[in-house]
Amino acid sequence: MIKLTTMKKFFFKQIVAFIVIGLAITNTINAQTIFNGYGSYVLKGGYNSEYGNADFLHGITCDGLQWGAGVEYLLSQKYGIEGMYLRRNTRAVQQSKTDPQKTLSFNLALNYIMAGLNGYLLPVTSKIQPYGSMLAGVVIEEIGFANNSINSSITKVAWAVRLGGKYWISQRVGVRLQAQWTSFFIMDGGLPDMTVYGLNTADINFPIAYQFEVGSGLMIKLNRTEKD
């Protein structure tokens, strides 16, 4: 538990530093900079793992809310780069496909730190802006088992794609609607590696998880260009 708390403090400091540095840069660059606040509803997701050659394990991540924030720098009238942090608290349930009576449930907190490229169909000066994005980064998984007080944390690769649209209410403030597909590795190679077969179980292969979400967000331009 001490290790998990220490890691939480470390990554919280990294996130705060990222936001502070991003805000500071806005005073020294000419490109338009946008702060994005995110809120979305994540549908029920899942993952599949191969346990040796004897069984396949199917997992489900429960639906729920996800929130976060990001900073985007516009490179041109059609492209921008963005760094973001997203947070989701959920539960996961794992089941053996050969023996459905064998199940395991655990708490799962997901912390995404990702960056990516946003592409716009219309110039950024337009009031309405359809867009698409490709994102990549890491997810910090906080895993907890209530029955035996086991808690751990592990960092894995994550990637996402999204489609959406922006609408600018004024020159500085806007709202967005979007849909996003996210995929990541779950619980493989971490501590604890726990399946329906017990703690520290070996031979767990290909546990790739996925989630689909729909949501909205608030946008605020942190600086203004000559065209605003």
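Tutor: Let's start with a word we'll need: contact, or touching, means heavy atoms within 4.5 Å. This is a predicted model, where local features need pLDDT of at least 70 and side-chain atom pairs count only at pLDDT 80 or more, while totals for chains, interfaces and linings use all residues. Residues are numbered from 1 along each chain as its sequence is written, and side-chain values use heavy atoms, with hydrogens and water left out.

Student: Which residues does Q129 touch, not counting residues up to four places away in sequence?

Tutor: Q129 lies in strand β7; strands are DSSP runs of E, at least two residues long, numbered from the N terminus. Leaving out residues up to four places away in sequence, Q129 touches Y120, P123, V124, G164, G165, K166 and W168.

Student: Is Q129 buried or exposed?

Tutor: Buried means under 20% relative accessible area, exposed over 50%, and partly exposed in between (1.4 Å probe, protein chains only). Q129 has 2% relative accessibility, so Q129 counts as buried.

Student: Which side chain makes a polar contact with the side chain of Q129?

Tutor: A polar contact is a pair of N or O atoms within 3.5 Å; within protein, one must be able to donate a hydrogen and the other to accept it, and residues adjacent in sequence count only if both atoms are side-chain atoms. The side chain of Q129 reaches the backbone oxygen of P123 at 3.4 Å. Its side-chain partner, at 3.2 Å, is W168.

Student: What is the relative accessible area of F106?

Tutor: You'll find F106 in strand β6. In space, F106 and Q94 are 8.7 Å apart, C-alpha to C-alpha, and they are twelve residues apart in sequence. F106 is buried, with a relative accessible area of 1%.

Student: And W181, is that buried, exposed or partly exposed?

Tutor: W181 lies in strand β9 (residues 173-185). With a relative accessible area of 39%, W181 is partly exposed.

How values were computed: Helices (H or I, at least four residues) and strands (E, at least two) are DSSP runs, numbered from the N terminus.
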